[in-house]
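Please look over the sequence and the structure below before reading on. The text then goes through the fold step by step.

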Amino acid sequence: MQGGSYTSILMIVVLFAVMYFLMIRPQKKQQQKRREELSKLQKGDQVITIGRLHGVVDEIDETEKTVTLDCDGIYLVFDLSAIATVKQKAVAAPATATAAETTDQTDAKEQPAEEPAASEEAKPAEKADEVPTDDASTESKDTDEK
């Protein structure tokens, strides 16, 4: 009989361990992620409230734990916990300029390798098309003007 009671206690312990790893632990991780997201919230972020109102963060009051949203010119104050998701983070201007310069530099490096092959193929075709039509029409215009 004692062997049966040990197995039942062991089954209960295993059941609690499974519940912890399948339900409680992921929920705690999700709550921690949400707290971090709200702590990183800043002016200019596009957010969605729990009532599905879309707006842009205008002001954050840490002492009152409120956030002021700009919804097409209408400023509304919500509890910080009313923010459901951050749709788009505010973009810093210097980072955008640096990214654009990097993209331009990358494009500039790629273009010289591609241009000679494309221009060599295009030049004979252009010359063949341009020589008979352009020269003949230009010569006739020149003679008409004189």
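The model is predicted. The protein chain has two helices and five strands, and along the sequence they follow the pattern α-β-β-β-β-β-α. Of its 146 residues, 12% count as buried. The accessible surface of the chain is about 11,800 Å², and 58% of that belongs to carbon and sulfur atoms. Among contacts with a separation of 6 or more, 40% are between residues 24 or more positions apart.

In soluble globular proteins, nonpolar side chains tend to be buried together. Here the largest nonpolar core has 10 residues: Leu-38, Leu-41, Val-47, Val-57, Val-67, Leu-69, Cys-71, Leu-80, Ile-83 and Val-86. Strand 3 gives the largest share, three residues. One member of the core, Val-67, touches Leu-41, Val-57, Glu-59, Ile-60, Leu-76, Val-77, Phe-78, Asp-79, Leu-80 and Ile-83, when residues up to four places away in sequence are not counted.

Thr-68 is found in strand 3, residues 66-71, and Tyr-75 in strand 4. Is each of them buried or partly exposed? Thr-68 counts as buried because its relative accessibility is 13%, below the 20% cut-off. Tyr-75 has a relative accessible area of 49%, so it is partly exposed. Leaving aside neighbours within four places in sequence, Thr-68 is in contact with Val-56, Val-57, Asp-58, Glu-59, Tyr-75, Leu-76 and Val-77. With residues up to four places away again not counted, Tyr-75 touches Asp-58, Thr-68, Leu-69 and Asp-70. Glu-59 is on the list for Thr-68; from Tyr-75, Glu-59 is 16 residues away in sequence and 9.8 Å away in space, C-alpha to C-alpha.

Charged side chains are the next topic. Side chains of opposite charge can pair when their charged atoms come close. The structure holds one salt bridge. Asp-45 forms it with Lys-89, and the closest N and O atoms are 3.5 Å apart. Asp-45 lies in the loop between helix 1 (2-39) and strand 1 (46-49), and Lys-89 in the loop between strand 5 and helix 2 (93-145), so the pair ties together parts that are 44 residues apart in sequence. Asp-45 is buried because its relative accessible area is 0%, whereas Lys-89, at 37% relative accessibility, counts as partly exposed.

Last come the aromatic rings. A pair of aromatic rings is described by the distance of the centres and the angle of the planes. How many aromatic pairs does a search of the whole structure find? The search finds one. Tyr-20 and Phe-21 form this pair, with 5.2 Å centre to centre and 80° between the planes, an edge-to-face arrangement. Tyr-20 has a relative accessibility of 35% and therefore counts as partly exposed.

Conventions:
Residues are numbered from 1 along each chain as its sequence is written. This is a predicted model: local features need pLDDT of at least 70, side-chain atom pairs count only at pLDDT 80 or more; totals for chains, interfaces and linings use all residues. Side-chain values use heavy atoms; hydrogens and water are left out. Helices (H or I, at least four residues) and strands (E, at least two) are DSSP runs, numbered from the N terminus. Buried means under 20% relative accessible area, exposed over 50%, partly exposed in between (1.4 Å probe, protein chains only). Contact means heavy atoms within 4.5 Å. A nonpolar core is a set of buried Ala, Val, Leu, Ile, Met, Phe, Trp, Tyr and Cys residues joined through side-chain atoms within 4.5 Å. Rings of Phe, Tyr and Trp (its six-membered ring) pair if their centres lie within 6.5 Å; planes under 30 degrees apart count as stacked, over 60 as edge-to-face and the rest as tilted. Accessible areas come from the Shrake-Rupley method with a 1.4 Å probe; for residues, only the protein chains shown count as cover. A salt bridge is a side-chain nitrogen of Lys or Arg within 4 Å of a carboxyl oxygen of Asp or Glu.
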